[in-house]
Amino acid sequence: MSWARCRKTDPEVFFPIGSVGPALDQIDAAKRICAQCRVDAECLAYALETGQDHGVWGGTTPEERRAMRVLPGR
Ligand code: SF4
């Protein structure tokens with residue numbers, strides 16, 4: 001947790017409402033932060049293992065994580 005890049009970021013950036021329009025800018029902002037995070041792989045693994053259905057985790061959206069669960073190994 002102490003290495004999480006999002007630790008000092010407004011959590012709302014990581015939980016956009018919807019997946020179109022202004023939410024896309026929010027998702028991009030969250031993904032840019034995740035791209036610089038040293039624990040992104042662990043974060044994504046946690047999100048997949050615990051079935052996080054909301055928000056950006058490990059640089060992925062809920063839709064992208066659902067696709068990963070359908071197609072393991074992606
Ligand atoms: S990868 Fe996870 S811990 Fe790192 S910034 Fe993104 S949401 Fe936060």
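Me: Which helices each supply at least two residues of the shell around the ligand?
Reply: This is a predicted model: local features need pLDDT of at least 70, side-chain atom pairs count only at pLDDT 80 or more, and totals for chains, interfaces and linings use all residues. Numbering runs from 1 along each chain as its sequence is written, and side-chain values use heavy atoms, without hydrogens and water. Helices are DSSP runs of H or I with at least four residues, strands are runs of E with at least two, and both are numbered from the N terminus. The two suppliers are H1 (22-35) and H2 (40-50).

Me: How do the residues of the shell around the ligand divide by class?
Reply: The shell (a heavy atom within 4 Å of the ligand) holds Ala4, Arg5, Cys6, Phe14, Ile33, Cys34, Cys37, Asp40, Cys43, Val56 and Gly58. Ala, Val, Leu, Ile, Met, Phe, Trp, Tyr, Cys and Pro count as nonpolar, Asp, Glu, Lys and Arg as charged, and the others, Gly among them, as polar. The division is eight nonpolar, one polar and two charged.

Me: Which element gives the most to the lining of the largest pocket?
Reply: This pocket holds about 510 Å³ of space, a volume filled by probe spheres set on points joined across faces, edges and corners. Of its 21 lining residues, Met1, Ala4, Cys6, Cys43 and Trp57 are the closest to the centre. H1 and H2 are the elements giving two or more residues. With four residues, the top contributor is H2.

Me: Which residues does the UniProt annotation "binding site" cover, and why do they gather at one spot?
Reply: The entry is unreviewed, and such annotations, given in the numbering used here, may be inferred rather than shown by experiment. The residues span 38 positions in sequence, yet no two of their C-alpha atoms are more than 11.0 Å apart, so they gather at one spot. The lining of the largest pocket includes each of the four: Cys6, Cys34, Cys37 and Cys43.

Me: How far apart in sequence are the parts that Glu64 and Lys31 tie together?
Reply: A salt bridge puts a side-chain nitrogen of Lys or Arg within 4 Å of a carboxyl oxygen of Asp or Glu, and the count comes to three. In the Glu64–Lys31 bridge, the closest N and O atoms are 2.8 Å apart. Glu64 lies in helix H3 (residues 62-70) and Lys31 in helix H1, so the parts tied together are separated by 33 residues.

Note on methods: 1 Å grid on protein atoms, 1.4 Å probe; cavity = no way out; pocket = protein on both sides within 12 Å on 5 of 7 lines; lining within 4 Å.
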